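This briefing is intended for a reader who is new to the structure shown below. Please keep the sequence and the model in view while reading.

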Amino acid sequence: MIDIHVNGKTRRVEAGTSVAGLLRELDLDGRTVVVELNRQIVRRTEIDSIALEKGDRIELVHFVGGG
Amino acid sequence: MDPLVIGDRTFESRLIVGTGKYETPATMLEAIRASGADMVTVAVRRVDIENPDRDDILRTLNPREFALLPNTAGCYTAEEAIRFARLGRASGLSDWVKLEVIGDRDTLLPDTDGLLEATKTLVAEGFTVLAYTNDDLITALRLEDAGAAAVMPLVSPIGSGLGLLNPVNIRIIKSRLRVPIIVDAGVGTASDACVTMEQGIDGILMNTALAEAGDPVQMATAMKLAVDAGRRAFLAGRMPRREWAVPSSPLEGIPG
């Protein structure tokens, strides 16, 4: 298991978990969620191939109401 | 009404509305539909991992019904605003951005240096940039030169509802720029929207005036009519102002 940071909170995931795996684990797959990994946007085509590493900082964002 | 053209898109409505601060998603949707707007602003924020549905605007808004205009609200530097714009575009739903770089927390006035810098970068990256700015001609001209698709001056501070404080500056900006001028921020009620449109500007973007109205749906209808009325009055051309009365009925033929 490794510790990563998701939206500012520490989370423990299996070593080797992909970005797509994290989204499935959080039940966020299939939604319009944009992933940023260590300040780099992860493209949809990359989410299966990128494995998370210890200490990674992930931001999961979506659209909310705003002016 | 004559359509609004921004960049490569044509809009039926000259009213663009925000999606923030409504009491319920259902009220928001009803108000937006009543406003007639075909483009709406949205903000980019963290997903609430425990409750991902809670703030997800796409639970309520269908991006096929409304064009989405992601904003960079809450950004205080060009770097942050560029990051937010890229996050919005990565949704795959819009490569447009309502660019805000805020310079002061109490007035929410723009940091015009940061705004120009972010505009240049995002235009180079292929974004269609609609830049929220103050009512200063020089900044507006620089934004146009930097490639902004529309320049969006405030008429009073964001969320203030103070209405059109400086019509002269707005008219000056409109007269000197070629890109559409969309007034963004400050309109409080329908008369504000009407008199703002009468200055000849191309459209209005508003949020709080609808969301904080006693009845947002009723106000949205009023704003739709006011924007339409103001546009038509501008196109019609108003009568001259005079200091003294001129009778409307003939002076000849008054029975003796």
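The points that follow are grouped by topic.

The structure is a predicted model. Chain B contains eight helices and ten strands, and 19 residues of chain A are in contact with 29 residues of chain B.

**Overall form of chain B**

- The radius of gyration of chain B is 20 Å, whereas the globule rule gives 18 Å for 256 residues; the two values are close, so chain B is as compact as a globular protein of that length.
- The C-alpha trace of chain B spans about 85 × 40 × 35 Å along its principal axes.
- Of the 256 residues in chain B, 46% are buried.
- Among the contacts in chain B with a separation of 6 or more, 62% are between residues 24 or more positions apart.

**Nonpolar core**

- The largest nonpolar core comprises 87 residues.
- The residues with the most contacts inside this core are B:Leu99, B:Leu130, B:Ala131, B:Ile204 and B:Met223.
- Leaving aside residues up to four places away in sequence, B:Ile204 touches B:Arg14, B:Leu15, B:Ile182, B:Val183, B:Val187, B:Ala193, B:Thr196, B:Met197 and B:Val227.

**The sheet β6-β7-β8 in chain B**

- Three strands of chain B form an open sheet in the order β6-β7-β8, with parallel pairing.
- Strands β6 (96–99) and β8 (150–153) of chain B stand at the edges; each has a single partner strand, and therefore one side of each is left without a neighbour in the sheet.
- On average, neighbouring strands of this sheet are turned by 15° against each other, direction ignored.
- Strand β6(B) is joined by four bridges to β7 (residues 128–133) of chain B, and the two run parallel.
- B:Trp96 has B:Thr128 in β7(B) as its bridge partner.

**Contact between chains A and B**

- As noted above, the contact involves 19 residues of chain A and 29 residues of chain B.
- On the side of chain A that touches chain B, the elements giving two or more residues are β3 (34–37) and β5 (57–65) of chain A.
- The largest share of that side, seven residues, comes from β5(A).
- The residues of chain A on this side divide into ten nonpolar, six polar and three charged.
- Five bridges link β5(A) with strand β4 (residues 39–46) of chain B, and these strands run antiparallel.
- A:Val64 has B:Ala43 in β4(B) as its bridge partner.

Methods: Residues numbered from 1 in each chain as written. Chains lettered and ligands numbered in written order. Predicted model: local features only at pLDDT ≥ 70, side-chain atom pairs only at ≥ 80, totals over all residues. Core = buried A, V, L, I, M, F, W, Y, C linked by C-beta atoms within 7 Å. Buried ≥ 20, exposed ≤ 12 C-beta atoms within 10 Å, placed from the backbone. Contact = placed C-beta atoms within 7 Å. Pairing = 2+ DSSP bridges. Axes fitted to C-alpha atoms, helices over the stretch in contact; angles between N-to-C directions. Nonpolar A, V, L, I, M, F, W, Y, C, P; charged D, E, K, R; others polar. Rg over C-alpha atoms; globule rule 2.2 N^0.38 Å.
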